[in-house]
Amino acid sequence: MIRIKAVDAQNIFDVCKLTTNQNGVGTTMEEYLCCNAISIAEAKYYPEMHPNAIYNNNVPIGFFMYQRAEGQADTAAICRFMIDYRFQHKGLGKKAFAYVLRGLKIQGVKKVIIMINDANKIAKKLCLSFGFQFTGKIENGEYYYELEL
């Protein structure tokens, strides 16, 4: 069963150990995104960032962080979404992503934006399968997609 929990003192080390690197060794910059530790550090300086652990049956399997500005509470930008290499290709990413979107909708979010490296074909396929549309915006090599909830 998928569940989401905010990153806190109890789970921060487990979340920082998660990696998309196939050799299991985390690096500062992974293939398509920065490591979870950098994302968590970034959230300490930007209060509109919300870092979260993704669990499956009480086992940490992934991480996501979204940005929600006070003045635009109906919009959330998913800045990071990752599933650890050990749990990829098992359908958990799709289940987790659906859970994240449902949670954002419950919080009153009406529009979700996500930025994807164009070379990340798996992330692009996942987002398109949920109905995300390319906005035409490209910034720092990331393509912007959005979804109305």
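**Exercise 1. Determine what share of the contacts between residues at least 6 apart in sequence joins residues at least 24 apart, and describe the overall fold**.

Solution. Step 1. Contact is taken as heavy atoms within 4.5 Å. Among contacts in the protein chain between residues at least 6 apart in sequence, 57% join residues at least 24 apart. The structure is a predicted model, in which local features need pLDDT of at least 70 and side-chain atom pairs count only at pLDDT 80 or more, while totals for chains, interfaces and linings use all residues. Residues are numbered from 1 along each chain as its sequence is written, and side-chain values use heavy atoms, with hydrogens and water left out.

Step 1. Helices (H or I, at least four residues) and strands (E, at least two) are DSSP runs, numbered from the N terminus. The protein chain has four helices and seven strands, in the order β-α-α-β-β-β-α-β-α-β-β from the N terminus on.

Step 2. The radius of gyration, taken over C-alpha atoms, is compared with a globule rule of 2.2 Å times the number of residues to the power 0.38. The protein chain has a radius of gyration of 14 Å, close to the 15 Å given by the rule for 149 residues, so it is as compact as a globular protein of that length. Its C-alpha trace spans about 35 × 30 × 30 Å along the principal axes.

**Exercise 2. Identify the residues with the most contacts inside the largest nonpolar core, and state which elements supply it**.

Solution. Step 1. A residue is buried under 20% relative accessible area, exposed over 50% and partly exposed in between (1.4 Å probe, protein chains only). Of the 149 residues of the protein chain, 42% count as buried.

Step 1. A nonpolar core is a set of buried Ala, Val, Leu, Ile, Met, Phe, Trp, Tyr and Cys residues joined through side-chain atoms within 4.5 Å. The largest has 25 residues, and those with the most contacts inside it are Ile54, Ile78, Phe81, Phe97, Leu104, Ile114 and Phe132.

Step 2. At least two core residues come from each of strand 3 (59-67), strand 4 (75-83), helix 3 (92-106), strand 5 (111-117), helix 4 (121-129) and strand 7 (142-148). Helix 3 provides the largest share, six residues.

Step 3. Another core, of 16 residues, lies apart from this one and includes Leu18, Ala53, Met65 and Met82. Met82 lies in strand 4 and is buried, at a relative accessible area of 3%.

**Exercise 3. Count the aromatic pairs and characterise the pair of Phe97 and Phe132**.

Solution. Step 1. Rings of Phe, Tyr and Trp (its six-membered ring) pair if their centres lie within 6.5 Å; planes under 30 degrees apart count as stacked, over 60 as edge-to-face and the rest as tilted. This rule gives six aromatic pairs.

Step 1. The ring centres of Phe97 and Phe132 are 5.9 Å apart and the planes stand at 45°, so the pair is tilted. It links distant parts of the chain: Phe97 is in helix 3 and Phe132 in the loop between helix 4 and strand 6 (133-139), 35 residues apart.

Step 2. Phe97 is buried, with a relative accessible area of 0%, and Phe132 is buried at 0% as well. Beyond four places in sequence, Phe132 touches Phe97, Leu101, Val112, Ile114, Cys127, Tyr145, Glu146 and Leu147. Ring pairs also link Phe81, Phe97, Phe130 and Phe132 into a cluster.

**Exercise 4. Count the disulfides and locate the cysteine sulfur nearest to that of Cys16**.

Solution. Step 1. A disulfide is a pair of cysteine sulfur atoms within 2.5 Å. The count is zero.

Step 1. Cys16 is in no disulfide, as the nearest cysteine sulfur, that of Cys35, is 7.1 Å away. Cys16 is partly exposed, at 31% relative accessibility, whereas Cys79 is buried, at 13%.
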